[in-house]
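Please consult the sequence and the structure shown below while reading.

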Amino acid sequence: MIEIKENTVLHDARIFGPMNEFEHEQVMLCQDKATGLKAIIAIHNTILGPGLGGTRFFNYTSENDALRDVMRLSRGMTYKAAISGLNLGGAKAVIIGDPNQLKSEGLFRRFGRFIENLNGKYITAEDVGTTTRDMEYIRMETKHVVGLPEIKGGGGDPSPVTAYGVFMGMKASAKYLYGSDSLNGKTVAIQGIGKVGFHLVERLHAEGAKIYVSDINDASLQKAASQYNAIVVDGQDLFDLDVDIFAPCAMGAVLNTDTINRLKCSIVAGAANNQLENEDEHGNMIKDKGIIYAPDFLINAGGLINVYSEHTGYNREIAMGQAENIYDTTLEILKMANRQDIHTQKAAILMAENRLRQIKNLKSTL
Ligand code: NAD
């Protein structure tokens, strides 16, 4: 039996500190020595519904890094679901360790049992370092998992829906700025021709846009060039191009003091998460430069919309229809940001918080 001394401080500031800062409801630490499982499930907010967010499997340099990552990511999920009009809360999980060494059926099934213990308050999905195969193992222990392959009744690869949402955000930004949402003849530079980037190239090509692409993977570039006449640009040169639209579809923090100073585009609209290195500083910097920034967590919500549809009974048409709403919401946010003279990311956060407040009040009166 563990003896707890009278003056022992049970609350550890290293956990309750970030919980307080990010306003989390619940953080669960999971361990299983036999399989090597060490995981954190962070449930940020369940006002709108169960917290949905993927499980990231990553070799974090410290437990503190893992904790901060899961706190930040789960809060982002709350905003993404709220602004997309979904009845979902925000949550996320991280498994700490090298996926190449640790992955096993046992580890994922044990993790699945921890999720099951939460009784549906947390729904998981795949994320960086996890695959649909891993989700199938989790599914053996709990039904609170989405992102399963189509043959298993899931929604399959969400990236076509994500790309469609980004395309909608881009068109809405064009409508706001140019008065027409046609991208015919517009020049678009895409960083990252992966799953989402490639679908975006297809849509833009069909619309008649002139496309520039950069990637660290030559095969993807050659495919985009040969199939869709995309012009290949050397990595960093993409930021200096005199184009209408820049679409970051690779990694986060790509909009920073250096890159924003170099941008010559009039619209930024892409799929990558957390594009602004510092939300307020760089959100304002983009605004002051007169560039229209379509908030990332709004226009890349197609993936979440897709798995939400799986949760309620999968239907790709319904998911695509819901992703189409991103057009109207983007327009609304751009107008709101202009009216209130604030940067667009801030406007999107305020709109998400407003929905959370309204539903919280509504629930308290039921
Ligand atoms: P992906 O891994 O399939 O593609 C990313 C591409 O970026 C790869 O081709 C990679 O080679 C390239 N890349 C990496 N570093 C680069 C660099 N420095 N310069 C140029 N290219 C680089 O990923 P994805 O699923 O297409 O997602 C793209 C982005 O969108 C990610 O940030 C992801 O978090 C975000 N996102 C994806 C989805 C989805 O449904 N897949 C949903 C929401 C957000």
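Contact here means heavy atoms within 4.5 Å. The model under discussion is a predicted one.

## Surroundings of Asp 127

Asp 127 is located in the loop that runs between β6 (122-123) and α5 (132-139). When neighbours within four places in sequence are set aside, the residues in contact with Asp 127 are Gly 54, Thr 55, Arg 56 and Lys 92. The C-alpha atom of Asp 127 is also separated by 9.4 Å from that of Ala 93, a residue 34 residues apart along the chain.

Is Asp 127 buried or exposed? Its relative accessible area is 18%, and the limit for a buried residue is under 20%; Asp 127 therefore counts as buried.

## A network of salt bridges

Side chains of opposite charge can pair when their charged atoms come close. The side chain of Asp 127 makes a polar contact of 2.9 Å with the side chain of Lys 92. Both residues belong to a network of salt bridges that also links Arg 56, Asp 69 and Arg 72.

## Pairs between separate elements

How many salt bridges does the structure hold? The total is 18. One of the pairs joins the side chains of Glu 21 and Arg 68, with an N to O distance of 3.2 Å. This pair links distant parts of the chain, since Glu 21 belongs to helix α1 (residues 13-22) and Arg 68 to helix α2 (residues 63-83), 47 residues apart. Glu 21 is partly exposed at 48% relative accessibility, and Arg 68 is likewise partly exposed at 36%.

Lys 152 forms a salt bridge with Glu 136, and their closest N and O atoms are 2.5 Å apart. Lys 152 lies in the loop between α5 and α6 (159-178), whereas Glu 136 is in helix α5, so the pair ties together parts that are 16 residues apart in sequence. Lys 152 has a relative accessibility of 49% and counts as partly exposed; Glu 136, at 15%, counts as buried.

## A pair within one helix

Asp 258 and Arg 262 also meet through their side chains in a salt bridge, with 3.4 Å from N to O. Why are these residues separated by about one helical turn? The reason is that Asp 258 and Arg 262 are 4 residues apart in helix α9 (residues 257-262). Asp 258 is partly exposed, with a relative accessible area of 44%. Arg 262 has a relative accessibility of 21%; because partly exposed begins where buried, under 20%, ends, Arg 262 counts as partly exposed.

Definitions and conventions: Residues numbered from 1 in each chain as written. Predicted model: local features only at pLDDT ≥ 70, side-chain atom pairs only at ≥ 80, totals over all residues. Heavy atoms only, no water. Helix = DSSP H or I, 4+ residues; strand = E, 2+ residues; numbered from the N terminus. Buried < 20%, exposed > 50% of the residue type's maximum accessible area, 1.4 Å probe, protein only. Polar contact = N/O pair within 3.5 Å; in protein donor to acceptor, adjacent residues only side chain to side chain. Salt bridge = Lys/Arg side-chain N within 4 Å of Asp/Glu carboxyl O.
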